[in-house]
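This report looks at how the parts of one protein chain are arranged and joined. Please keep the sequence and the coordinates at hand while reading.

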Amino acid sequence: MTFEEIKNDEQKYMMHTYGRFQTAIVSGKGATAVGVSGEKYIDFTSGIGVNCLGYCDDGWVKAVTLQAAAVQHISNLYYSPLQTEVSKKLCELTGMDKVFLCNSGAEANECAIKIARKYSFDKYGQGRQKILTLVNSFHGRTVTTLAATGQDVFHNYFFPFTEGFDYVTANDVSDLESKFTDDVCAVFIELVQGEGGVMPLSQEFVDAAAGLCTEKDVLLMIDEVQTGVSRTGTVYCYEQYGIQPDVITSAKGLGGGVPIGACICNAKLSDVMTAGTHGTTFGGNPIACAAAKEVLSRVTTKEFLEEVNKKGEYIRKKLSSMPDVREVRGKGLMIGIVTEKDDAKEVAAKCVENGLLILTAKNLLRLLPPLNISYEEIDEGLSVLEKVMSD
Ligand SMILES: *Cc1c(COP(=O)(O)O)cnc(C)c1O
């Protein structure tokens, strides 16, 4: 098939929910993707932070294929040693107590929202159900996670949305205090707003949120769907803020390219979700768990994390001397670039024509390269970006 044929069939047979870049990807290795005509791209996207070990990493392929040949799915009516291994590893890495395995970021967030509401209901009864999220946040595409998402553009068409969310301006402590009413049961935030424009929260704001949560027995829940699994230079981003959340959600990079999500809670919440209160058919799928086991064993070592941070600094330094770059922000290998000409969308589209896959977030360019990207691939990708920005 040619690119034009694929494009035509996409128009004809698929719902038009995506604005796509003008290429079709058919294979890849490391941080290099191959298009349908055999053309090569350096990939600074990892499929939006998913392929954390790049395309078709040898260890990852082995883990997934061996598992596919052993057992591809069992229902959650049976015990699974892979589910328990992944859950144990997540608890060890976070110091938390219990895990629910699911298939996506939105699902992990749905679980967090249910935990918050039930914890509060069990302890305080009805009327304490409000969850504070942030303006410009992104928490997913289900009707409830859209309601949790603090952006008006997402609150259209699909009425009625789930009630019980209010939105605090990020880094505005007085706004947080004024919205922290007695009906609040949880604060649910990203520490670096991803889709919202690679915007890190201030230490002061996070400290204020954590303080109020402790004082009022309100759950502190961190959406680590994008920031987690070593993306920001620590296994989870909350470590860098010196806080201990009650709940964290993880997905995107967790399976290195297969769908898996996790909602992880602390000991205070261990018994909130009882038999029959939550469940999933696919969640904790053995192939997904085999992939997550491989990913977690690889990306969480001290040496690996040092490399992530070094590469992040290397990229930031090079970017800061490029034309059209006004500001570089983010943490680790989650990097946002504010351009002088405010032309991120055009730059991203032109990069594809020149052999580089790159993301945008709001009006920023966004880089989420594979965590194990080589320096050669970094240099090659950055030289394309520099060329496009100089035009
Ligand atoms: C991508 C993302 C989600 C949604 O994840 P899906 O797997 O697409 O459901 C939720 N929260 C954050 C912070 C994200 O970046």
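Predicted model: local features only at pLDDT ≥ 70, side-chain atom pairs only at ≥ 80, totals over all residues.

Residues are numbered from 1 along each chain as its sequence is written, and side-chain values use heavy atoms, with hydrogens and water left out.

## Domains and interface

The chain divides into domain 1, made of 3–57 + 301–390, and domain 2, made of 71–299, with bounds that come from an automatic or database domain assignment. The C-alpha centres of domain 1 and domain 2 are 26 Å apart. Across the boundary, 28 residues of domain 1 contact 31 residues of domain 2, where contact means heavy atoms within 4.5 Å. The two domains bury about 2,400 Å² between them, with 60% of this on carbon and sulfur atoms; buried area is the accessible area (1.4 Å probe) that two parts lose on being put together, summed over both. On the side of domain 1, Lys331, Met334 and Lys362 lose the most area to domain 2, and together they account for 28% of what that side buries.

Two salt bridges are counted between domain 1 and domain 2, a salt bridge being a side-chain nitrogen of Lys or Arg within 4 Å of a carboxyl oxygen of Asp or Glu. Ten residue pairs are in polar contact between the domains, both residues being at pLDDT 80 or more. A polar contact is a pair of N or O atoms within 3.5 Å; within protein, one must be able to donate a hydrogen and the other to accept it, and residues adjacent in sequence count only if both atoms are side-chain atoms.

The elements that give two or more residues to the side of domain 1 touching domain 2 are helix H2 (46–49), helix H10 (302–320), strand E13 (325–331), strand E14 (334–339) and strand E17 (364–367). Here helices (H or I, at least four residues) and strands (E, at least two) are DSSP runs, numbered from the N terminus. H10 supplies the largest share of that side, with four residues.

## Strand pairing

Strands of a sheet pair through backbone hydrogen bonds, either parallel or antiparallel. Two strands are taken as paired if DSSP finds at least two bridges between them.

| Strands | Bridges | A facing pair |
|---|---|---|
| E1 and E2 | four bridges | Ile25 and Gly35 |
| E2 and E3 | three bridges | Ala33 and Tyr41 |
| E13 and E14 | six bridges | Glu327 and Val338 |

E1 and E2 form a hairpin with two residues between them, and Gly30 in the turn has a positive phi of about 60 degrees. The hairpin of E13 and E14 also has two residues between its strands, with Gly332 at a positive phi near 55 degrees.

## Local features and salt bridges

Ile48 is not a glycine, yet it has a positive phi of about 55 degrees, and this residue is placed in helix H2. The peptide bond from Phe159 to Pro160 is cis, with omega near -5 degrees, and Pro160 lies in the loop between helix H6 (143–148) and strand E6 (165–168).

The whole structure holds 19 salt bridges.
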